Amino acid sequence: SSADNFDVEIINRHLFTNLIELNAKWYLQVDGDLKQQGDLLLDIGPQQKKIVSIPVKKPELKEGSEYRLLLSFLLKDNNKWANKGHEIAWEQIDLPWSVPRSSETAESGPAPRIKETAGNLIITGNDFAYVLDKKSGTIASMSIGGKELVKKINNLNIWRAPLANETDEWNFGASNIKHVTPGFGHFAATEWYSSGIDRLTCFPGKLEFENTGGSSVRISAQNTFITANGEGSFITYSTFTIDGSGTMEVETTVIPDGKMPAWLPRIGQEWILDKSLGQVSWYGRGPQENYPDRKSGYRIGVYRSTVDGMYEPYLIPQDYGLRTDNRWLTITDTLGKGFEFIGDRLFNFNIYPFSTENLTKAQYTYQLHSFDGITLNIDYATSGVGCTALGVFPEYQVLPQRYDFKLTVKPLIP
């Protein structure tokens, strides 16, 4: 490769079709935008391969941007099974161009004010008010412009409504089950119910808060979550750093202890949002749902949808709608008021208008009922879907080990 060309090996896996019969196109993607494009004339016979030079020109690089080469193969003519222009193959290739994002931060104004009451810490600043429950060490409310947009944050979330594959006895033997309690069935989720990770009890630990001496305040909380069988626990250390603009950095460490299931459904946070926050945008894989072991067929790009539009009508209610490998996520109302979420590394999320408890207990779709909120799950790691016979392969399982993650949350005010 050179500054103005990239060499790509293209393999034609067709048995009878020469690639000259297809329209081949290339695109330079900068984050979610197409900046360059061109056509390729590929004379590559069936079962043959060739090194092809792509005439992409290196643009002026921007801080923090990602650059990808997209190749797309389309039908030239109408076919009995698809029309002209139907895409039959594509590939994204990460390009080795990057400029690290500057560490300089925008001026956030004076530090927020912090008021202590008997049960809460109330942090207020420029058009925002956040309430932290002192007993649980979690955010109990976040308001922007006088309107409450976040009803609650659960700093630790390891549960998802079990997938159909996880409540099917076919893959019980292949699910690496270590602890089984009689009465909880014989399927992948048996161990989760046996250990009681769906019924954690929080024992609050130390809570500290301080003004950093600059333009922010810092709150630190330590909690221990005990599994329902009393044999395992998750110790969490959470630090909330809030500046005068309302931007909040949430640094979380999760350490499992005691008897643990062989693997967990997920590890992350659960946010309960106001029902008005129905507009969703993300920079990750999409547009359809994708899970860690079901994601290679989904392009990385910038996508938009709605909470209702991301619903998947599975016959058996279960966790649904995950999007993987996200750089950022925005959740807003129709006017653009809401929040932007940015991880210090790639994260997964899903969002739905039901409580996770409702999604877990419902046996039929008519038993799903919207509640007074929206559930947003932000995962540091999520287990895959697996299949009926073999379950989730080990490389796609969330293991009970230490996790560290930093999430930056910025208020969006139109």
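Author: Let us begin with Tyr-283, which is buried at a relative accessible area of 4%, where buried means under 20% relative accessible area, exposed over 50% and partly exposed in between, with a 1.4 Å probe and protein chains only. This is a predicted model, in which local features need pLDDT of at least 70 and side-chain atom pairs count only at pLDDT 80 or more, while totals for chains, interfaces and linings use all residues. Residues are numbered from 1 along each chain as its sequence is written, and side-chain values use heavy atoms, with hydrogens and water left out.

Reader: OK, and which charged end sits over the ring of Tyr-283?

Author: That is the charged end of Arg-327, 5.3 Å from the ring centre; the rule asks for NZ of Lys or CZ of Arg within 6 Å of the ring centre and within 35 degrees of the ring normal.

Reader: How many aromatic pairs does the count come to?

Author: The count comes to 15 aromatic pairs, taking rings of Phe, Tyr and Trp (its six-membered ring) whose centres lie within 6.5 Å, with planes under 30 degrees apart called stacked, over 60 edge-to-face and the rest tilted. One of them is the tilted pair of Tyr-283 and Trp-328, at 6.3 Å centre to centre and 55° between the planes. This pair links distant parts of the chain, since Tyr-283 is in strand β17 and Trp-328 in strand β19, 45 residues apart; strands here are DSSP runs of E with at least two residues, helices are runs of H or I with at least four, and both are numbered from the N terminus.

Reader: Is Trp-328 buried or partly exposed?

Author: Trp-328 counts as partly exposed, at 23% relative accessibility.

Reader: And what sort of pair do Tyr-311 and Phe-354 form?

Author: Tyr-311 and Phe-354 form an edge-to-face pair, 6.1 Å centre to centre with 70° between the planes. Tyr-311 lies in the loop between β18 and β19 and Phe-354 in the loop between β20 and α2, so the pair ties together parts that are 43 residues apart in sequence. Phe-354 is buried at 8%, whereas Tyr-311 is partly exposed at 29%.

Reader: Changing topic, where is the cis bond to Pro-287?

Author: The cis peptide bond runs from Gly-286 to Pro-287, with omega near 5°, and Pro-287 lies in the loop between β17 and β18.

Reader: Last one: what is phi of Asp-325 near?

Author: Phi of Asp-325 is near 55°, a positive value in a residue other than glycine, and Asp-325 is found in strand β19, where it is buried with a relative accessible area of 11%.
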